[in-house]
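Dear colleague,

Please find below the structure that I am handing over to you. A short account of the findings follows it.

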Amino acid sequence: MEIIQVIEGGDISKEAYTGDGPMIHSGILDGLDNKQDSILKMLAYLEEAGIGRKKVNYRLQDWIFTRQRFWGEPIPLVYCNDCGWVPVLEKDLPVLLPDVAEYEPTDDGESPLARIPEFVNTTCPHCGKEARRETDTMPNWAGSSWYWLRYMDPKNEKEFVSKEALNYWGKVDWYNGGMEHATRHLLYARFWNQFLYNIGLLPNKEPFKVRAAHGMILGDGGVKMSKSLGNVVNPDDMVKEYGADALRTYEMFIGDYEKEAVWSEQGLNGCKRFLDRVWKIGTKVIKKDSYTKALEGPIHRAIKKVTDDIDHLEFNTAVSTLMSLLNLMEKEEQITSLDYRTFLHLLNPIAPHMTEELNETYELGMVLCESSWPTYEEDKLVETNKEIAVQVNGKVRATIEIRVDESEDSIKEKALECENVKRHLEGKELVKVIVIQGKIVNIVVK
């Protein structure tokens, strides 16, 4: 038979061509990319001609559903010499694990249950003769594929979950886990949920509203941490040297929650220094149940930002916001007890131990973790003053505070009056002063 080349490229007189290229000698597909466009075109043609329809096929990865261990769910099957494998009658479910003092692994690989005669020996549900129970147990997949449903109604002794509880709780709002969950546990969880939905036991076909996957922490050079490479960081060592709160803060600050991040002990040390400053600024506190005027706007904006960031798992920018707020607080000669308590409250989910200790030490109010979360006022979110840099020939020489609505002439005047700016203007010709509103002042001299 004649060999007809259908993808442009290669020499089919020598070998089959498997690379990319436009389709040729293929009728309606000629000129189309052989990977994607031609497939879509052919699927459309088959449907239009009424001789086929496109369909997506899904395949679950092979699922090993038995384990040789004691603590899994018993598999409700018994083996009878006459009847073979027979399921336990529904009225006798669930099969419960025996209450024993020891369940050590066996030497021969059998389940520990195989060594417990009172569990193993039973009668056949079909013929009533002597039989043996299956001694392998179900894997953790069995429980983890539906546990959230039982959480809705954990004390129900008649059904796995009542319809009233299902209708009240609905779907899981937020499912969080590692990337490895997506290829195993998440598939089985959806499979299990959709099976229960198909037989009319659940109101929702999908189990989860939103899924988030946390990124992996990598070792030096962006390499995955592993014992074989010797680049694993022991958290106990980090807690001993820097403290649990510093470790927690760095883990939140290290980067985007859903992306990989490279571990850096220098970064951890930076977070430790930040917490040291939070501790130290407590010495500035005066008893006053209102915000410092200069800090009122920044605190309200920080409340909104940190609240939104935590709700959306953007912990790194929440920590960054608190670092910026601390910089402003350090510029004040004094801060009020309300300034400090609100700051500690916003930091509390990230560094709970230290913030509770400081809250108690300075007698700022009830325990933070039992207190209502701080709220902000919309009219306090608008910035009235800003601090901007002043550059001379591209180098920052000072900062000035301006009103958001301040005129350009007034900003220029303030910038030129700065002592350090004056020093860098001495003996030079002023070319021009450029104001980028709300951002920076550039002074050009020669």
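The structure contains one cavity of 30 Å³ or more; a cavity here is a set of points, on a 1 Å grid over the protein atoms alone, where a 1.4 Å probe fits but cannot get out. The largest cavity holds about 70 Å³ of space, a volume being the space filled by probe spheres set on the points, which are joined across faces, edges and corners. It is lined by 13 residues, of which Leu149, Gly170, Lys171, Asn193 and Asn204 are the closest to its centre; lining residues have an atom within 4 Å of a point. By class, eight of the lining residues are nonpolar, three polar and two charged (nonpolar: Ala, Val, Leu, Ile, Met, Phe, Trp, Tyr, Cys and Pro; charged: Asp, Glu, Lys and Arg; polar: the others, Gly among them).

This is a predicted model, in which local features need pLDDT of at least 70 and side-chain atom pairs count only at pLDDT 80 or more, while totals for chains, interfaces and linings use all residues. Residues are numbered from 1 along each chain as its sequence is written, and side-chain values use heavy atoms, without hydrogens and water.

There is also an open sheet of four strands, ordered 12-11-14-13, with mixed pairing. Strands are DSSP runs (E, at least two residues), numbered from the N terminus, and two of them pair if DSSP finds at least two bridges between them. Strand 12 (395–403) and strand 13 (430–436) are the edge strands, each pairing on one side only. Strand 11 (residues 385–392) pairs with strand 12 in the antiparallel sense over eight bridges; Asn385 has Arg403 in strand 12 as its bridge partner.

Yours sincerely

Technical notes:
1 Å grid on protein atoms, 1.4 Å probe; cavity = no way out; pocket = protein on both sides within 12 Å on 5 of 7 lines; lining within 4 Å.
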